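Here's a quick briefing for someone who likes cut-offs spelled out. Have a look at the model first, then read on.

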Amino acid sequence: MTQNSTVGWLRLISTLALAGGGAYFIFVLNSAAVLELLIWVEFTSGSPGLSGVFIMVSVIVIFTIGCYVANWIAAGFRRAE
């Protein structure tokens with residue numbers, strides 16, 4: 001295994017570990033808090049459906065961040081030492 005693939009694998013494994021740990025913390029340990037946040041957004045808004053808009057904007061932001069992270073991981077695999 002060369003140094004470039006070691007950096008790429010390290011970035012990939014660390015990113016997956018952080019993402020998995022974060023998802024476990026948010027959706028398993030604090031699932032009631034996420035539900036309360038969505039209910040709060042829905043019922044404090046002046047128009048119905050605002051929580052859906054919140055979810056859609058969140059998905060777009062998470063996708064954009066995911067693209068940058070994937071590029072960072074790929075750069076670790078093609079990095080010239």
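What follows goes from the overall fold to single residues.

This is a predicted model, where local features need pLDDT of at least 70, side-chain atom pairs count only at pLDDT 80 or more, and totals for chains, interfaces and linings use all residues. Residues are numbered from 1 along each chain as its sequence is written, and side-chain values use heavy atoms, with hydrogens and water left out.

**Overall shape**

- The protein chain has 3 helices and 0 strands; helices (H or I, at least four residues) and strands (E, at least two) are DSSP runs, numbered from the N terminus.
- Going along the sequence, the pattern reads α-α-α.
- The radius of gyration is 18 Å, while a compact globule of 81 residues would come in near 12 Å. That radius is taken over C-alpha atoms, and the globule rule is 2.2 Å times the number of residues to the power 0.38.
- Along the principal axes, the C-alpha atoms fill a box of roughly 55 × 25 × 10 Å.
- Of the 81 residues in the protein chain, 12% are buried. Here buried means under 20% relative accessible area, exposed means over 50%, and partly exposed is in between (1.4 Å probe, protein chains only).

**The aromatic pair**

- Searching the whole structure turns up 1 aromatic pair. The ring centres of W9 and F77 sit 5.5 Å apart with the planes at 85°, so this pair is edge-to-face.
- The pair links distant parts of the chain, 68 residues apart: W9 belongs to helix α1 (residues 3–29) and F77 to helix α3 (residues 50–77).
- For the record, rings of Phe, Tyr and Trp (its six-membered ring) pair if their centres lie within 6.5 Å; planes under 30 degrees apart count as stacked, over 60 as edge-to-face and the rest as tilted.
- W9 has 40% relative accessibility, so it counts as partly exposed. F77 gets the partly exposed label too, because its relative accessibility is 31%.

**R11 and its contact**

- R11 is in helix α1, and its relative accessible area of 17% makes it buried.
- The R11 side chain reaches the backbone oxygen of W72 at 2.7 Å. A polar contact is a pair of N or O atoms within 3.5 Å; within protein, one must be able to donate a hydrogen and the other to accept it, and residues adjacent in sequence count only if both atoms are side-chain atoms.

**A nonpolar surface patch**

- Y24, F25, I26, F27, V28 and L29 make up a nonpolar patch on the surface, with about 630 Å² of accessible area together.
- Patch members have over 30% relative accessible area and no salt bridge; like charges are joined within 9 Å, and nonpolar side chains (Val, Leu, Ile, Met, Phe, Trp, Tyr) within 5 Å. A salt bridge is a side-chain nitrogen of Lys or Arg within 4 Å of a carboxyl oxygen of Asp or Glu.
- Areas come from the Shrake-Rupley method with a 1.4 Å probe, and for residues only the protein chains shown count as cover.
- Y24, in helix α1, is partly exposed at 47% relative accessibility.

- S5 sits in helix α1 and is buried, with a relative accessible area of 18%.
- C67, in helix α3, is partly exposed at 38%. The C-alpha atoms of C67 and S5 are separated by 20 Å, and these residues are 62 apart along the chain.
- A74 lies in helix α3 and is partly exposed, at 28% relative accessible area. A74 and F63 are 11 residues apart along the chain, with 16 Å separating their C-alpha atoms.
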